[in-house]
Amino acid sequence: MSKKKPKNTSSTIAQNKKARHDYSLTDKFEAGLVLHGWEVKSLRQGKIQITDTYVFLKDGEAFLLGCNITPLLSASTHFVTDPTRTRKLLLHAKELSKLQEAVQQKGYTCVCTALYWKKHLVKAEICLAKGKQDHDKRETEKNRDWERQKMRIVRDHN
């Protein structure tokens, strides 16, 4: 008998930790992603960078900008590959209207915080975000350090 492949326990492809640092995130949405075949193969290899990605809303549609998927050497010989092309996001009309309203009227920014597998599909977690000031970033970092310190004190005390 042949051995079964070990299943990958983590379904996360990539995370945007910079967005969590630079923005205060409010509402989360799950969106499908329109990809080419070579892009899916590259995602399986983990060749993606979403640090500076954001969502652009135009004509009732959402697009992912700034996502860099590095093509595999085997795929790049057969296709014309553009690693930074604009990719369409698949959302319901109600979700699109909520995003549009928040971005235009309330001054929010829409950023992609993670890409992950949901069964065999690639999903993007997009969030509405407000930009943080420098003092807010320092406050968040200070609170995080204090929480770590408290955990160390409790662990050492027991």
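Predicted model: local features only at pLDDT ≥ 70, side-chain atom pairs only at ≥ 80, totals over all residues.
**Entry 1: overall dimensions**

I started with the radius of gyration: the protein chain has 19 Å, whereas a compact globule of 158 residues would have a value near 15 Å. For my notes, this radius is taken over C-alpha atoms, and the globule rule is 2.2 Å times the number of residues to the power 0.38. Residues are numbered from 1 along each chain as its sequence is written, and side-chain values use heavy atoms, with hydrogens and water left out.

Next I looked up the extents: along its principal axes, the C-alpha trace spans about 60 × 55 × 25 Å.

**Entry 2: secondary structure**

I find five helices and nine strands in the protein chain. These are DSSP runs numbered from the N terminus, with helices (H or I) of at least four residues and strands (E) of at least two. Along the sequence I read the pattern β-α-β-α-β-β-β-β-α-β-α-β-β-α.

**Entry 3: surface, burial and charge**

I noted an accessible surface of about 11200 Å² for the protein chain, with 51% of it belonging to carbon and sulfur atoms. The areas come from the Shrake-Rupley method with a 1.4 Å probe, and for residues only the protein chains shown count as cover.

Of the 158 residues, 33% are buried; here buried means under 20% relative accessible area, exposed means over 50%, and partly exposed is in between (1.4 Å probe, protein chains only).

I also checked contacts (heavy atoms within 4.5 Å). Taking those between residues at least 6 apart in sequence, 68% join residues at least 24 apart.

For charges, I have 31 positive and 18 negative, and their mean positions are 9 Å apart. Lys and Arg count as positive and Asp and Glu as negative, without His or the chain ends; each charge is placed at NZ of Lys, CZ of Arg, CG of Asp or CD of Glu.

Strand E9 covers residues 121-131, and eight of its eleven residues are buried, so E9 is largely enclosed by the rest of the structure. I then looked for its partners, where pairing requires at least two DSSP bridges between two strands.

Strand E2 (residues 23-33) runs antiparallel to E9, joined by eight bridges; there I see Leu 25 opposite Ala 129 in E9. Strand E8 (residues 109-118) is also antiparallel to E9, with nine bridges, and Tyr 116 stands opposite Lys 123 in E9.

The hairpin of E8 and E9 has two residues between the strands, and Lys 119 takes a positive phi near 60° there.

Lys 137 sits in helix H5 (residues 134-157). Lys 137 is buried, with a relative accessible area of 19%. Setting aside neighbours within four places in sequence, I list His 21, Asp 22 and Lys 132 as its contacts.

Arg 85 is in the loop between helix H3 (73-76) and strand E7 (87-90). Arg 85 counts as buried at 18% relative accessibility. Beyond residues up to four places away in sequence, Arg 85 touches Val 34, Leu 35, His 36, Glu 39 and Leu 64.

Thr 51 belongs to the loop between strand E3 (48-49) and strand E4 (54-58). Thr 51 is partly exposed, at 35% relative accessible area. Not counting residues up to four places away, Thr 51 touches Asn 16 and Lys 18. I also looked at Glu 101, 50 residues from Thr 51 along the chain: their C-alpha atoms are separated by 25 Å.
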